[in-house]
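Please examine the sequence and the structure shown below. The report that follows begins with one residue and then turns to the chain as a whole.

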Amino acid sequence: MNLHLALKHLHSGWRYVALLLIILAIISAFSGWFGKNNYTEGNRKLNLFTLIAFHLQALIGIILYFVSPKVRLDDMAMAMKDSISRYWTVEHLFMMLIAVILITIGHSKSKKIAASFQKHKTIAIFYTLALIIVIVGVSMSGIPIWAMS
């Protein structure tokens with residue numbers, strides 16, 4: 001198996017871990033926010049594991065970016081004219097990096113807040129925005145989010 005195919009399978013498979021964690025973190029955050037629950041060590045760990053999962057997914061994706069035949073770094077002008085090349089060369093990378101940045105900001109901001117409901121609220125907002133961007137970004141590829149590509 002070549003490097004591109006191995007990374008592609010790893011990236012496609014790891015997304016399920018990242019998606020499961022972010023969905024659980026969002027549900028927990030909204031529940032804590034609206035239920036005015038305490039922010040527990042379990043909440044902190046779930047949010048941290050979500051952050052780590054997304055950072056790992058981004059790292060795998062960035063490495064894959066440089067070995068993928070779908071990415072056209074050799075001729076950006078041509079890549080911009082072709083919607084499939086443009087998606088893989090620019091749009092997917094940009095949207096997923098924005099999602100990872102939102103998760104990182106949300107996690108970082110929540111650590112600095114004292115009030116439990118505010119911690120939950122911060123995570124709920126930032127992680128939900130990130131999830132929306134991920135879903136929109138992946139759906140733009142034409143590949144179902146549940147498919148192994």
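## A buried serine

Ser85 counts as buried because its relative accessibility is 10%; buried means under 20% relative accessible area, exposed over 50%, and partly exposed in between, with a 1.4 Å probe and protein chains only. This residue belongs to helix α4, which covers residues 83–111.

Leaving aside residues up to four places away in sequence, Ser85 touches Lys70, Arg72, Ala79 and Val90. A contact here means heavy atoms within 4.5 Å.

## Basis of the model

The model is predicted: local features need pLDDT of at least 70, side-chain atom pairs count only at pLDDT 80 or more, and totals for chains, interfaces and linings use all residues. Residues are numbered from 1 along each chain as its sequence is written, and side-chain values use heavy atoms, with hydrogens and water left out.

## Architecture of the chain

The chain contains 5 helices and 0 strands, in the order α-α-α-α-α from the N terminus. Helices (H or I, at least four residues) and strands (E, at least two) are DSSP runs, numbered from the N terminus.

Along the principal axes, the C-alpha atoms fill a box of roughly 50 × 30 × 25 Å. Of the contacts between residues at least 6 apart in sequence, 73% join residues at least 24 apart.

## Burial and surface

Of the 149 residues in the chain, 39% are buried. The accessible surface (Shrake-Rupley method, 1.4 Å probe) comes to about 8,300 Å², and 72% of this area belongs to carbon and sulfur atoms.
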